[in-house]
Amino acid sequence: MIIVMKAGAEKKEKNEVLKRIRELGYKPHVIHGTTRDVIGAIGDERGKLVLQSIESMPGVESVVPILQPYKLASKEVKKEPSLVRISAAVTIGGREIVVMAGPCSVESESQIIDSAIAVKEAGAQVLRGGAFKPRTSPYSFQGLEEEGLKLLAKAREITGLPIVTEVVNPETAELVAEYADILQIGARNAQNFALLKKVGQLDRPVLLKRGMSMTIQEFLMSAEYVMSEGNQRVILCERGIRTFETATRNTLDLSAIPVLKEKTHLPVIADPSHGTGNHLYVAPMAYAAVAAGADGLMIEVHPDPERASSDGPQSLKPAKFAAMMAKLRLIAAAAERSL
Ligand code: PEP
Ligand code: MN
């Protein structure tokens, strides 16, 4: 249920409402709006009628049910788009398109630092790089782990770019959060509920990728897992789903972008690297994603893709990435966005 407070409701009145929600066995989540606050009361759907009694409390305008199964992620609770602040210089969800770029995996000091310098020069605002890698095969490169996190931190120190890196299990989530500015939940873990709850308890923005066989509703339910633990800073990432098509690694579901924009206030970015699996198709799909309304992009860039430990075939060389960024500026401007 959503408790809509009156525009001029006093703090005392709001606190009484929060107290009452807790007494009734629900978890309150305050969402600060531009003119008024709304409070989401989250809990067992079956007992929601008892919440209706809150409508008669001072300062309360109305109590309305949230119809979607996802609540905090829903536009019903918050109509204005959410801005997710990453650093003093980077916020996702506003007018500016945010590009996160870098190699699939952190491989060495020179590899990540060269990548960081190159992507920054081309205009990327966030550096990506996996230190813990969720690989389909146990025999594939699993990442440099903490050493990789240290190298990412070094690249951040040199370039000033905030870093996004993947968390693969609850046990190492806190370690990753010590280094990362954004915690990435990968497609393979998008319904790892223990992991979603864990990152929901950490004080870091979460980049949640869509699972490869997830419906949009299931995707939003995963975001809800993070948000219901108290972390509202969630960024959604469409990274392609598995279909019958084999000419591309995945099918980048661009229609998910306007659909998500209609259903949720959370920022939405697209990853055409994993979405297509082929460096030749990355730039066109990046342009299309921005035209479709994406708030940002995640792009794999590697100084030497032929020798990459993972995802070389879909990685752009720095010069190709810079050319893509130049053209993307035109597309962004046409979409009334900046880059
Ligand atoms: C990645 O970003 O390198 C990655 C493993 O992505 P995904 O989870 O989308 O496959
Ligand atoms: Mn990758």
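Is Asp 181 buried or exposed in this predicted model? Asp 181 is buried, as its relative accessible area is 19%; buried means under 20% relative accessible area, exposed over 50%, and partly exposed in between, computed with a 1.4 Å probe on protein chains only. The model is predicted, and local features need pLDDT of at least 70, side-chain atom pairs count only at pLDDT 80 or more, and totals for chains, interfaces and linings use all residues. Residues are numbered from 1 along each chain as its sequence is written, chains are lettered from A and ligands numbered from 1 in the order in which they are written, and side-chain values use heavy atoms, with hydrogens and water left out.

Asp 181 forms a salt bridge with Arg 156, with 2.7 Å between the closest N and O atoms. A salt bridge is a side-chain nitrogen of Lys or Arg within 4 Å of a carboxyl oxygen of Asp or Glu. This pair links distant parts of the chain, 25 residues apart: Asp 181 is in the loop between α4 (170-179) and β10 (182-185), and Arg 156 is in helix α3 (residues 146-159). Helices (H or I, at least four residues) and strands (E, at least two) are DSSP runs, numbered from the N terminus. Arg 156 is partly exposed, at 22% relative accessible area.

The structure holds 16 salt bridges. Side chains of opposite charge can pair when their charged atoms come close. One of the salt bridges joins Asp 271 to Lys 209, where the closest N and O atoms are 2.6 Å apart. Here 62 residues separate the partners in the chain, Asp 271 being in the loop between β13 (268-270) and α8 and Lys 209 in strand β11 (residues 206-209). Asp 271 is buried, with a relative accessible area of 0%, and Lys 209 is buried with 4%.

Arg 210 meets Asp 253 in a salt bridge of 2.8 Å, N to O. Asp 253 is in the loop between β12 (234-238) and α7 (256-263), while Arg 210 is in the loop between β11 and α6 (216-228), 43 residues apart. Salt bridges with shared partners join Arg 210, Asp 253 and Glu 238 into one network. Asp 253 counts as buried because its relative accessibility is 15%. Arg 210 is also buried, at 4% relative accessible area.

The next site is the manganese ion (ligand 2). Its protein donors are Cys 104 (SG), His 274 (NE2), Glu 300 (OE) and Asp 311 (OD), at 2.0 to 2.4 Å. Donors are N, O and S atoms within 2.8 Å of the metal (3.2 Å for Na, K and Ca); water is not among the atoms, so sites may look incomplete. Along the chain the donors follow the spacing C-x169-H-x25-E-x10-D. Cys 104, in the loop between β7 (98-102) and α2 (109-122), and His 274, in helix α8 (residues 272-276), are 170 residues apart and link distant parts of the chain. Cys 104 is buried, with 2% relative accessible area, and His 274 is buried with 8%.

The donor Asp 311 lies in the loop between β14 (296-300) and α10 (318-334). Asp 311 is buried, at 17% relative accessible area. Most residues other than glycine have a negative phi, and most peptide bonds are trans. Asp 311 has a positive phi of about 55 degrees although it is not a glycine. Glu 336, in the segment after α10, also has a positive phi, near 60 degrees. Glu 336 is exposed, with a relative accessible area of 63%.
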